[in-house]
Amino acid sequence: MPPRLSPRLSLRPIGHRGSLYLKTQAVETNSVCFFCSLSTRSDVEPRRRSRRKSQNPRRFTSTVLAAAAAVAEHPAAAANPRKELETVLLDLQKHAANYVNLSRLQLALNGLRQQPGNESIRVAILGLTNSAGSSQTAKQLLKLLLADPLKSEEEWEKEVDGHDLTQPMIIRVGADLAQELGSVSITKGSLLHEVNVSSATLNGHNLELLLMETNPFVSAQGALAPFEDSVLVPTVEIPTSSTGRHTPITTPVHKALIVTDGILGAASVVSMPTLGSQNVITAAVNLPDYKPKDATPLPFTPIDIGTASIGLGLIRRNLNDAIEFEHLWFQSNMPRLVEWLKADILTLSDNTTKPPVKELIGSLLRNTSAAVQNEEARHLNSSLSTTSSTPLKTLQNSLDDWAESAHTELQEQLDLAFSSRRWRKLGWWKLFWRVDDVGMLTNDILSQKFLPVSERSAIFLSGRMKEAGIALGPSLNPEAQTRATDENGGERELSDTKASTLTEAVPWPVNIPATRRYLQTETIPALQALAQKLMLQTLSTSGLTTALSVLVYYSTLTTTLYEAGAVAALGIVWSMRRMQRQWETARKFWEGEVREEGRKAVRGAEGAMSEALSPERTKGERAESEKELNRVKELVERAQEILGKLK
């Protein structure tokens, strides 16, 4: 199974005392690495986990009482809004993991644990992959933002130029950092490239940048919260071994700059949802031929990378060209991006929290509140299910009909599959020329004959249940899972998190696709290996007995050709018989396993939907969920109140 990320840095709901909670120093003069301050598990999209009924009725004690107890234990927290806000956010992390983005929440906690006014600010520069020149544009833009025009080209600029953005790069800005090129270790056997840069205007402000490629944010589909989370929590893939396997890690940031190139890139940016403020997320499009004459508002900043690079080269060659450099620099529209980068990140001497930290917390609370409101709306629809056009009795009858048709389909389709010409191609005597086709033919049988209609019908029935206000608990989508084996030979569970294809929780039973995936990944490789093993054994035995017969014939004068041929024939017949017996037994066993696993999948899906239709379960879950929602709402309101007092 793929690596089960403990409590992706892909922050899924995690425990309260994992490595995430290592306290940072109260005063940090150097910026904290993107990854060192985070755990090893993340979740870009917060998922609703299956709720277990609490055996302790005090679990849902009022949050107000809990907060009062916390204040009584820690009087200093009540006098310090920063510490009090940290305590409330920790409670939110503990009790609202279903509704809050835990990755961004941990970034907010890290900011509150740092010295006020000296928090580390993380900025992502994301080059879209839908344009051929976006990666190069992103690298050139980074160089222009940080380069010192009074110095010749530095070593870090060459390093950025030669870097492949399929792997992310971390840029740490600070005068006290050693100007060495190297790598920062994330997990055992994995490396991420890190570059330290000294900038005359940005040193001492605890600025960190993440340079990487990303897919266009088409998964947002116009929704603001998913778009914001996908941009501000980019996913990094860390190599975990020399075999090419990768572990997805999320890296939350405070601000993000989306960089693209040309008309196609501009079209991608225009189609994205717009935020109320561009101080957090903004976009830059390299349009060399576009020179706007008026201040027409655009959803992105048009820039000219080529013009800015020419100007930088002029002043580096000759300081007398400073006026020409200034002219080209403003013509390229780069000052707007420099102002955006420097806005609100400067270290404050009056112990005032940096605005990006406060904006992060505010955005986190707003998204959590919206998630709670959506859940309350779902509960309202569920409470009105008695007046729905699809009552429980009708749904139960539909479930019974589905189960009957699924069992019928399983029997009939598998009978057709195992009597078909495709299955007969795998007869024992045909393995000599079809041994490499075992995996392909059996995969085709499972893909086309293993309950395809019942799977679609189950999804449709789940949709009818959701329409009636009865939603199934989220299930892990098996299509988004991968299997990997660690270096020690053990199996780990891993969520495959390529951009916009993170492991998704789907609101329908996944017993059928999960069983099909199990058969394809576990039983078919074993069947293929057995076929190759039997083929090798048969050919080896036949070859050895034939060689023995030839040796006997030539080494003795009394052995006739017929006697030597009998020895060879005996070995060939015996090896063929053994191959036939073992292969036919394996085929019958696989047929039976497919049928039995299919029956289990149908019964599992039927049981999941039947349990969801149980009136007692629905009422109990509703009451428990309402208590949980009330607790989360109290925490969010309290956090918003404290955030207003935070200076």
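**Charged and aromatic side-chain contacts**

Glu596 has a relative accessibility of 29% and therefore counts as partly exposed. This value, like those that follow, comes from a predicted model. The partner of Glu596 in a salt bridge is Arg599, with a separation of 2.8 Å between the closest N and O atoms. Both residues belong to helix α19, which covers residues 561-612, and they are placed 3 residues apart, about one turn of the helix.

In total, 18 salt bridges are present in the structure. One of these joins Glu455 to Arg516, whose closest N and O atoms lie 2.9 Å apart. Because Glu455 is part of helix α17 (residues 452-467) whereas Arg516 is part of helix α18 (residues 511-555), this pair ties together parts of the chain that are 61 residues apart in sequence. Arg516 itself counts as buried, its relative accessibility being 10%.

A further salt bridge is formed between the side chains of Glu641 and Lys645, with an N to O distance of 3.8 Å. These two residues are found in helix α20, which runs over residues 615-645, and they are 4 residues apart, again about one turn of the helix. Glu641 is partly exposed, at a relative accessible area of 42%, while Lys645, at 54% relative accessibility, is counted as exposed. The contact between Glu641 and Lys645 is also part of a network of salt bridges in which Glu84 and Arg638 take part as well.

Turning to the aromatic residues, the structure contains 6 aromatic pairs. In the pair made by Tyr553 and Tyr554, the ring centres are 5.2 Å apart and the ring planes meet at 80°, so the arrangement is edge-to-face, a class that requires an angle over 60 degrees. The two tyrosines are assigned to separate accessibility classes, since Tyr553 has a relative accessible area of 31% and is partly exposed, whereas Tyr554 reaches 67% relative accessibility and is exposed. Elsewhere, Phe418, Trp423 and Trp590 are linked by ring pairs into a cluster.

An aromatic ring also takes part in a contact with a charged residue: Lys255 is positioned over the face of Trp340, at 4.4 Å from the centre of the ring.

Methods. Residues numbered from 1 in each chain as written. Predicted model: local features only at pLDDT ≥ 70, side-chain atom pairs only at ≥ 80, totals over all residues. Heavy atoms only, no water. Phe/Tyr/Trp six-rings, centres within 6.5 Å; stacked < 30°, edge-to-face > 60°. Buried < 20%, exposed > 50% of the residue type's maximum accessible area, 1.4 Å probe, protein only. Lys NZ or Arg CZ within 6 Å of the ring centre and 35° of its normal. Salt bridge = Lys/Arg side-chain N within 4 Å of Asp/Glu carboxyl O.
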